[in-house]
Amino acid sequence: MSTFYEFGLSNALIKAVSSMGFEEATSIQELAIPIALKGKDIIGQAQTGTGKTAAFGIPIIEKCDPHQGVIQGLVITPTRELAIQVAEELNSLGHYSKIRALPIYGGQNIERQIKALKNKPQIIVATPGRLMDHMRRKLIRLQHLTTVILDEADEMLNMGFREDIETILSDVPDKRQTMLFSATMPQPIQDLAHRFMQEPEFIRIKAKEITVSSTEQYCYKVHEKEKFDALCRLLDLHSPEAAIVFARTKRRVDELSDALIKRGYFAEAIHGDLTQPQRDSAMHKFKNGSTEILVATDVAARGLDIGSVTHVYNFDIPQDPDSYVHRIGRTGRLGKPGIAATLASSREMSHIELIERSIKRNIIRKPVPTISETVEEQQRLTAGKLFQVIETDEHLPYKGTALKLLEDSQAANLLAAALKLLTKEPDQTPVHLTDADLWTTKKNKPGKNRKKQGHHRKPGKSAKKNNYIQDGSKKKYNSV
Ligand SMILES: Nc1ncnc2c1ncn2[C@@H]1O[C@H](COP(=O)(O)OP(=O)(O)OP(=O)(O)O)[C@@H](O)[C@H]1O
Ligand SMILES: [Mg+2]
């Protein structure tokens, strides 16, 4: 591994990198940065969570001139949340070099973006739709652009976005550096990429597997009707610090998060039909830990880097193996441990086998935990918490009362009662989840008069209510 000094970077960038806590370059950074600094086009592929953002971010910052108030770099991302995140990382990297990156994405007030553009950022990080909007209105001019990056490039060149990318690239200088990055790079996409790249260098970090080895992968065979209870049991057994639960459709995400809230979990939904403030709020609560579960469509599958995510659950199986790779890549980032659990019905098992062949790794089959297993685990967790309190001496002010109680009752009875009060017991509150098979036929699509569901309190904390507004926008990625 190289240190960042070995790339011959400016002092300002070295300072930024070390203040971000980066000591050594990751494999993709080690290979891509020197080539990118030479100005060459790159197609870069490396596992999820291995620092691809800085692999293109460091060279782009180094190349930009802070004294020129024109847009010199453009990064295109498939989702708004990813645009925000990449812009944040570029701003950290560019802090001492005085290079500024601005996220430009749909759903945000356009006037606010116009105002921010007046501050003359050197780099724009944009989702395609809103970028084209600004380009049409001549609010963003890209004639001085020297670098274009497609993050999640295979997704950006997939059918949903390809036309937009072609439109954008037809409006930027031919003499530019183009870099493509993703954890997955199917051959047809690589072939297509050559059309608008100049002799790109293909950099691929050879790993034994496409998915990261630090993430344990499990599959639970379960009937559709028992899926929700199975998910709840897994959540109780695993007690994730933060988990993302992926579901197939926007409506299913809504139903699922409502159902989880009803059963006493802190859950938030994110998908393309929510307004941007709702999406921002869900992300904010999830990142700051006030929500432990983010229920999402594939809108959250790519690029998002939230260090606290310990578990990813595929409530519905992903559409294809690449989608599986990205979804479960939200955990186990940069060598951290992670757990990925996929629920599948017996007829979906062939799909699981397809994924296994594609990622060249076994997804371990496990039985759904029984109620008594989850109860045992919850009690063990509560006991652990009791010992933690003893270690911190926080229990001392309660000792007098405890001694008095012991005069009247047996110690074991008192302790058992305390454990009962503190332990999350299996919640059987009935919930409504439309059968997944019904989602596929339009005729049977669940009605508009879906009942708003209430929510229950978790011991000691107040559950927050989700409000979902259908904004009807047809923008890209609102399909999920
Ligand atoms: N050299 C480094 N040392 C320490 N941490 C790093 C280094 N480079 C990047 N990171 C951190 O590693 C995490 C993952 O990086 P990043 O999001 O760029 O991964 P990625 O390869 O783009 O993943 P994905 O394929 O999911 O988009 C981030 O939190 C980032 O700040
Ligand atoms: Mg990334």
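**Figure 1. Helix H3 and the shell around ligand 1.** Helix H3 (residues 52-63) supplies three residues to the shell around ligand 1, the largest share. This view, like the others, shows a predicted model. In total, 18 residues surround ligand 1, and the closest are Phe22, Thr48, Gly51, Lys52 and Thr53. By type, the shell is made up of six nonpolar, nine polar and three charged residues. Ligand 1 lies between domain 1 (4-205 + 453-472) and domain 2 (209-369), because both give residues to its shell.

Figure 2. The protein is divided into domain 1 (4-205 + 453-472) and domain 2 (209-369). Their centres, taken over C-alpha atoms, are separated by 25 Å. Domain 1 brings 30 residues to the contact, and domain 2 brings 30 residues. On the side of domain 1 that touches domain 2, helix H4 (residues 80-93) gives the largest share, four residues. That side of domain 1 consists of six nonpolar, 17 polar and seven charged residues.

**Figure 3. The largest nonpolar core and Val125.** The largest nonpolar core has 112 residues, of which Val125, Leu231, Val245 and Val295 touch the most other members. This core lies between domain 1 (4-205 + 453-472) and domain 2 (209-369), since both give residues to it. In soluble globular proteins, nonpolar side chains tend to be buried together. Leaving aside neighbours within four places in sequence, Val125 is in contact with Val75, Thr77, Ala83, Val86, Ala87, Leu90, Ala101 and Pro103.

**Figure 4. Helix H10 and what it packs against.** Helix H10 (residues 227-238) has twelve residues. From its first C-alpha to its last, H10 reaches 16 Å, close to the 16 Å expected at 1.5 Å a residue. Nine of the twelve residues of H10 are buried, and the helix is mostly covered. The buried residues are Lys227, Phe228, Ala230, Leu231, Cys232, Arg233, Leu234, Leu235 and Asp236. The buried residues of H10 pack against strand S8 (215-221), strand S9 (243-246), H11, strand S12 (311-314), strand S13 (338-344) and helix H15 (371-392). Ser239 follows H10 and has a positive phi, near 40°.

**Figure 5. Helix H11, a mostly covered helix.** Helix H11 (residues 250-262) has 13 residues, which should span 18 Å at 1.5 Å a residue; the end C-alpha atoms are 18 Å apart, so the two values agree. Eleven of the 13 residues are buried. Among them are the charged residues Lys250, Arg252, Asp254, Glu255 and Asp258. H11 is one of the elements against which the buried residues of H10 pack. Just after H11, Gly264 takes a positive phi of about 95°.

**Figure 6. Ala16 in helix H1.** Ala16 is found in helix H1 (residues 11-19). Ala16 has 24 other C-beta atoms within 10 Å and therefore counts as buried, the cut-off being 20 or more. Not counting residues up to four places away in sequence, Ala16 touches Ser92, Leu93, His95 and Tyr96. One of these, Leu93, is 77 residues from Ala16 in sequence, but their C-alpha atoms are 5.3 Å apart in space.

**Figure 7. Tyr324 in helix H13.** Tyr324 is in helix H13 (residues 321-328). Tyr324 counts as buried because it has 30 C-beta neighbours inside 10 Å. Apart from residues up to four places away in sequence, Tyr324 touches Pro318 and Ile355. Asn314 is ten residues from Tyr324 along the chain, and the C-alpha atoms of the two are separated by 8.5 Å.

**Figure 8. Two exposed loop residues with positive phi.** Lys138 sits in the loop between helix H6 (128-136) and strand S5 (147-151). The phi of Lys138 is near 60°, a positive value in a residue other than glycine. With 7 other C-beta atoms within 10 Å, Lys138 is exposed, as the cut-off is 12 or fewer. Glu199 is in the loop between helix H9 (187-193) and strand S7 (201-204). Its phi is also positive, near 35°, and Glu199 too is a residue other than glycine. Glu199 is exposed, with 7 other C-beta atoms within 10 Å.

Conventions. Residues numbered from 1 in each chain as written. Chains lettered and ligands numbered in written order. Predicted model: local features only at pLDDT ≥ 70, side-chain atom pairs only at ≥ 80, totals over all residues. Near = placed C-beta within 6 Å. Domains from an automatic or database assignment. Contact = placed C-beta atoms within 7 Å. Core = buried A, V, L, I, M, F, W, Y, C linked by C-beta atoms within 7 Å. Expected span 1.5 Å × (residues − 1).
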